[in-house]
Amino acid sequence: MAMGASSAKAVEEAADRATDQPDGAQLRRRLGRADLRAVPEARKALRELLRHWGKPGRSEIAELLTSELVTNALIHTDHDAVLTATVGPRGLHVEVRDFVGRRPRLRVPNADDGTHGRGLVLVQSLADTWGVRAHGVGKAVWFELDGGAV
């Protein structure tokens, strides 16, 4: 079933309302379909958002995990995606929403498979919590990190 631009926009606006947190700083980026230039751009924007956040090393972990989620969305779907990162009193919440309902599979990386298949394993290993949830049309893959004592 094809999704029109207006319905995609309505889904995105509803998502905006659901994730708005007035107390926290927020990063929001629309990621173009298959545009892998978005990966380093997302890392740079997140680095700026987290410049004064968390204990040493936490922002680097956040950058790595965000890169994995953004890359997965761009490689494994044929649609745009939306990155949202919110810093709040309880820590950092990052999610990447796409418009494909197929859930990602956590798989054990194959040594013969180069660098593929490790993204969600990294997320599972390094995030405090993570998950996948359905939304309107598609899904959101998310993780959270506590900033730790500074």
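This is a predicted model: local features need pLDDT of at least 70, side-chain atom pairs count only at pLDDT 80 or more; totals for chains, interfaces and linings use all residues.
Local features are reported only at pLDDT of at least 70 and side-chain atom pairs only at pLDDT 80 or more, while totals for chains, interfaces and linings use all residues. Residues are numbered from 1 along each chain as its sequence is written, and side-chain values use heavy atoms, with hydrogens and water left out.

The chain contains four helices and five strands. Both are DSSP runs numbered from the N terminus (helices: H or I, at least four residues; strands: E, at least two). Their order along the sequence is α-β-α-α-β-β-α-β-β. Of the 150 residues, 41% are buried. Here buried means under 20% relative accessible area, exposed over 50%, and partly exposed in between (1.4 Å probe, protein chains only). The accessible surface of the chain is about 8700 Å², computed by the Shrake-Rupley method with a 1.4 Å probe. Carbon and sulfur atoms hold 52% of that surface. Among contacts (heavy atoms within 4.5 Å) with a separation of 6 or more, 63% link residues 24 or more positions apart.

The largest nonpolar core has 29 residues. Such a core is a set of buried Ala, Val, Leu, Ile, Met, Phe, Trp, Tyr and Cys residues joined through side-chain atoms within 4.5 Å. The members that touch the most others are Leu31, Val70, Leu83, Leu92, Val96 and Phe143. Two or more residues each come from β1, α2, α3, β2, β3 (91-98), α4 (119-126) and β5 (139-145). The largest share, six residues, is from α3. Beyond its neighbours within four places in sequence, Leu31 contacts Ala38, Val70, Leu74, Asp80, Ala81, Leu83 and Val96. In soluble globular proteins, nonpolar side chains tend to be buried together.

The structure holds 10 salt bridges, each a side-chain nitrogen of Lys or Arg within 4 Å of a carboxyl oxygen of Asp or Glu. One of them joins Asp78 and Arg33, at 3.3 Å from N to O. Asp78 sits in the loop between α3 (58-76) and β2 (81-88), and Arg33 in the loop between β1 (25-31) and α2 (38-49), so this pair ties together parts 45 residues apart in sequence. Arg33 is partly exposed, at 49% relative accessibility.

Arg37 and Asp35 form another salt bridge, with closest N and O atoms 2.9 Å apart. Arg37 is exposed at 58% relative accessibility. Asp35 is partly exposed at 22%. The Arg97–Glu95 salt bridge spans 2.3 Å, N to O. Both Arg97 and Glu95 are buried. Arg43, Arg47 and Glu63 belong to one network, joined by salt bridges that share partners.
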